[in-house]
Amino acid sequence: MLRVMDILFSALGLIVGFPILVAIFVVGLFDTGSPLFMQERVGRYKKPFTLVKFRTMSRETKSVASHLANVSSITQLGHFLRRTKLDELPQLWNVLKGEMSLVGARPCLYSQEALIREREARRVLDHRPGITGLAQVNGIDMSTPELLAETDQKMLSSLGVKDYFSYIIQTVSGKGAGDRVRK
């Protein structure tokens, strides 16, 4: 049932949000010259996939987890996109393709070995990664691997339609800090 909702809502979001996607893309061309950010992430069963987001940091920024990046790397447009969470919109394509879900554990980088171990031990990687979830709406990021994996496991063990909509609504309404970047 949740996969059907993922397909329906991601397709609808891409269609309805198309003008916004185009506008951000065009503004992003002027901001960084390369408005899309693509990065290999850990998917379901540890299978790699390419996550697509709008670029929020300068092109020269080292490819690391957000909590290891420096806030000075974030562009002016990037601050707006992160605050409004519009940088996440292109991930609807990942959802539609079946690589992600709207709700699930945020996909990590392969270099985040401690988090991968914690998630493997808790079978979190048996599920599609998500755009948002319990950890995100509670401000838990990848800098605390054990707590994050525990929170992901808790969410996934009881995820139903009610929680699915709750996490999406909380995210859209601005709850949670998103991926933190150090000052």
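**Salt bridges and a hairpin, step by step**

Tutor: In this predicted model, E120 and K46 form a salt bridge, with their closest N and O atoms 3.4 Å apart.

Student: What makes the contact between E120 and K46 a salt bridge?

Tutor: The cut-off for a Lys or Arg side-chain nitrogen and an Asp or Glu carboxyl oxygen is within 4 Å. The closest N and O atoms of E120 and K46 are 3.4 Å apart, so the pair counts as a salt bridge.

Student: Where in the chain do E120 and K46 lie?

Tutor: E120 belongs to helix α5, while K46 is in the loop between β1 and β2. The two residues are 74 residues apart, and their pair links distant parts of the chain.

Student: Why is E120 called partly exposed?

Tutor: Partly exposed covers the range between buried, under 20%, and exposed, over 50%. E120 has 39% relative accessibility, so it falls in that range. K46, with a relative accessible area of 34%, is partly exposed too.

Student: Are K53 and E88 buried or exposed?

Tutor: K53 has a relative accessible area of 7%, and E88 has 16%. Buried means under 20%, so both residues are buried.

Student: Which residues are linked with K53 and E88 in a network of salt bridges?

Tutor: D87 and R106 join K53 and E88 in that network. The structure holds nine salt bridges.

Student: Why is R122 called buried?

Tutor: R122 has 18% relative accessibility, and buried means under 20%, so R122 counts as buried. E150, at 36%, is partly exposed.

Student: How do you know that β1 and β2 pair?

Tutor: Pairing needs at least two bridges between strands. β1 and β2 have seven, in the antiparallel sense, so they pair. V42 stands opposite P48 in β2. Their hairpin has five residues between the strands, and Y45 takes a positive phi near 60° there.

Key:
Residues are numbered from 1 along each chain as its sequence is written. This is a predicted model: local features need pLDDT of at least 70, side-chain atom pairs count only at pLDDT 80 or more; totals for chains, interfaces and linings use all residues. Side-chain values use heavy atoms; hydrogens and water are left out. Helices (H or I, at least four residues) and strands (E, at least two) are DSSP runs, numbered from the N terminus. Buried means under 20% relative accessible area, exposed over 50%, partly exposed in between (1.4 Å probe, protein chains only).
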